[in-house]
Amino acid sequence: MTAVAGARRGAATGRRFGLGAALVPCAAVTLAFVALVAVGPQVALVARSIDGLRSGRALDVLATARTLRVVGVTFAQAAASAAIAMVVGTAAAWCHARLRFPGRGLVWAVSAAPFVLPSVVMAAGVRAWGVEGSWSAVVAVHVAMNVVVVMRTVGARLAAVDPHLVEAATSLGRSSWGAFRDVELPLVRTAAAGAALVVFLFSFTSFGVVMVLRGRGVTTVELEIWIESVRRLRLDVATVLALGQVVVVAGVVALQHRLSGRDVPSGAASIRPSGGRRPPQGPGEKVVVVLSGSAVVAAALVPLGGLVVRSLRVGEGWGLRHYASLLDPVTGTTGVTSPLGAFGASTRNALVATLIAMAVAVPASAVVARGRRLGAIVDQALFLPLAMSAAALGFGFFLAYRHPPLDLRSSPLAIPLVEATIAVPLVVRLLVPRIRALDPRQAEAAAVLGAGGWRRFRVAVARPLRDVVATGTVLAFVVGFGEFGATSFLARSSTPTVPQLIATLSSRPSPDAFGTAMALGVVVAVVVTGLFALLDRREGHGAFRF
Amino acid sequence: MKRIAALVAVVLATTTLVACGSDDSPSGGASARAGKVVLVTYSGYELPKDAAKAFTEETGTKIEVLATDDAGAALGRAILAAGDPEGDLFFGVDTTFLTQATGSDAFERSTPAIRDLPEAVLDPSGTLVPIDESTVCVNVDRTWFEAKGVAPPTTFEDLVDPRYKGLLVTEDPATSSPGLVFLAATVQQMGDRAPDYWARLRDNGVEVAGGWSDAYFSSFTVNGGDRPLVVSYASSPPAEVMGSDAARATPKSTVMTSTCTRQVEFAGILRGAKNRKGAERLLAAMQSEDWQAALPASNYVFPVRPGVRLPEAFERFAVRPADPIQLDPEQVGRHRDEWLDRWRDVMG
């Protein structure tokens, strides 16, 4: 596609991998995508509320102590979520990298489940245990959902640490904590901080979790944007808040960009730890293993368990009836589809989203990996839509694209487009280290042997990247499948996606509909986690590192 | 090579799926063909299946539903698109949003087809047409109070009585429709003293959930939670025993009639509708005897049409006071933001 065509042109002019001349068109594809999904909607929002903004009402409404407090607590919960995720995730990553203990594989395997599950499903699972909404519930779920980001990022970095360094330190009499502090920590510090910033970002802009798990007085900037735009219909106020959020997010993204990959030596991603793993020694290590391991496992199993319990409760007793009704057609806005039929819609959307995501992510990764200034711009630009307010994005999308030729208001492409925006940055972060690790000598060797541009590209670029591109494709699919936040603001005709149907079913007054929603949540959890486990076997650390 | 083959297969399959998909997912209001009327609404709304089918058979017009997750979001989009609407007919403006809808230029004026409607359910501006009523009440888990040997509360004042401390869950009025109706009801009942009442609710341990389904399905004792009082609907008790395989034969819950507040849902023709005739026909159908009679089963609401036969569960278990608290849409529209701010100041 674009990448291939661009790369071919690049190969003719030749620069290392023949990607040189392709960088500009590749960057153009990416930036056009960001303009379409993020900048356009944001500009439309500002344009639409310009009268309200001129009147100064928004500032009057917002210039209160309350707004300051909302901003303050949003920062505080995001910082707390990030800090806790950083500590737990780093500990879990270290245990995984260095130690051998029962359940080691399980901890790693389940860690991604909370991240890929729709946030409404996670939150409903926690609520099912009788947990009332509160700040601590919100932070706990933010940590649970995002700890995998730290684990994978730090894990990848730890894998690249020469085990002999650690062995040398311990043989010189350092305790394992001492060796970690003096040898490994300095090497993984930046990676851990960068990952923590990503967690901060996700927690700062999280919507579904806050909506379901807040109790009295719990609110965030993101939720205020939703309330102002959706419930109070004060678009100007929402726009000011949304712009403020974009500024914060842009700042954090810039900071994260400086940290990410800074201390990763070229080719690090392909290094596997050569040192053997040992059983935990001493009470300290055992405590760390048990605490971090059980935290990660609980993060996945508590919400899932809640869902299962809730889905099995039938009236006063227990049973599988809600699972049976997954096959019944649901009438009304949900068209004529049965809940399981919604899997068809979700699959279709996610497949289209995957195509879009890969068409953007592959050229974007090439730019990020090879271009200096351009790479930095593209890398940061891709993060913006991910962290924009979902409500603002929804209304902005609606306002921006309601006239032909770009009438996307209720186009079947709208949902896949939005799903793709969430997947692209994840795929890019997966591909970039592999592109950086490509060996230029292969291209040179091919050239010496008289291979043409296309063949050189195939030998030196396409073949080594084949697997990771396949993995990225699956990752994009899984993320698209589970996306709920932004797509819930797009209108839909006929068939809803699975996460949308879960939200719809649980808003109906019938206990049966709620039970069915929970059963559907369990099925999504199983499917998504299963897909992800497959992906994980192939890629180890790759997915979810930032 | 195998993997590449697999990728190619995925791409081909996708293209096919997309192609198939576009056959049955028409592109919304943008290209409205004759023979199709687009109903814009919120996603919790369920079209009464048989009545909708009968409409299509009689008129040859297909009903396409375009839904957004929240009723407020759906209305917000309709107002933003005023004059160039996404569809033809809008359903789902409730009493608390009424003046915002009628004050915009998104709707054409329509007159109710049902005669003898009580004034209490009409749109004073004469723009929108009432379709159904959903009375918001504090619901009581009868069985919980029986087991404890405590008399359930009966008045607003009881809810702030220390005897009932920590028993009530309501919804945040900023994010939830029944929560907002409850808030407006307290103002309607207590006037200027309402904020003081909210403070007493807070001191008496009220839980404020984000949305109705959290409050009702997670916190209410009937559904496994730990609060026996919840702000919900008059139709919630019959909902317990409805459906093909109801949980129980007799509802565990009932309502505190003194708190019951009328909430009406309206429909209106969108200005600039491409299929205006279809919109008129659908609006008329929604007021017809058959459609109105199907509403309790499909949406757990009461028809506005007088004399419509209700399902047995509604007849037996839906308690509706003869004179529920009546909100003034004008007053709610004018003071909504102010009340919300006060409520949030009080609740912290």
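In which sense do strand β5 (residues 136-141) of chain B and β9(B) pair, and over how many bridges? They pair in the antiparallel sense, over 5 bridges, where two strands count as paired if DSSP finds at least two bridges between them. This is a predicted model, in which local features need pLDDT of at least 70 and side-chain atom pairs count only at pLDDT 80 or more, while totals for chains, interfaces and linings use all residues. Residues are numbered from 1 along each chain as its sequence is written, chains are lettered from A and ligands numbered from 1 in the order in which they are written, and side-chain values use heavy atoms, with hydrogens and water left out. Helices (H or I, at least four residues) and strands (E, at least two) are DSSP runs numbered from the N terminus.

**The sheet of chain B**

- In chain B, 5 strands form an open sheet with mixed pairing, in the order β7-β6-β8-β5-β9.
- β7 (207-209) and β9 (253-261) of chain B stand at the edges with a single partner strand each, so one side of each is left without a neighbour in the sheet.
- Neighbouring strands of this sheet are turned by 35 degrees against each other on average, direction ignored, with axes taken as lines fitted to C-alpha atoms (for helices over the stretch in contact) and angles running from 0 to 180 degrees between N-to-C directions.
- Within the pairing of β5(B) and β9(B), B:D141 has B:S253 of β9(B) as its bridge partner.
- Helix α6 (residues 177-190) of chain B packs on the sheet, where it touches β5, β6 (168-171), β8 (229-233) and β9 of chain B, and its direction makes about 105 degrees with that of β6(B); contact here means heavy atoms within 4.5 Å.

**Positive phi outside glycine in chain B**

- B:D116, in the loop between α4 (98-103) and β4 (129-133) of chain B, has a positive phi near 60 degrees although the residue is not a glycine, and B:D116 is exposed at a relative accessible area of 71% (exposed is over 50%, buried under 20% and partly exposed in between, with a 1.4 Å probe and protein chains only).
- B:Y300, likewise not a glycine, has a positive phi of about 55 degrees; B:Y300 lies in the loop between α11 (289-299) and β11 (302-303) of chain B and is buried, with a relative accessible area of 9%.

**Helices of chain A**

- Helix α11 (residues 176-204) of chain A spans only 35 Å between its end C-alpha atoms, whereas a straight helix of 29 residues would span 42 Å at 1.5 Å a residue, the expected span being 1.5 Å times one less than the number of residues.
- A kink of about 60 degrees lies in α11(A) at A:L185, shortly before the proline A:P186, the bend being the angle between axes fitted to the seven residues ending at a residue and the seven starting there.
- A:V29, in helix α2 (residues 23-48) of chain A, is partly exposed at 26% relative accessibility, and its C-alpha atom is separated by 7.8 Å from that of A:A364, 335 residues apart along the chain.
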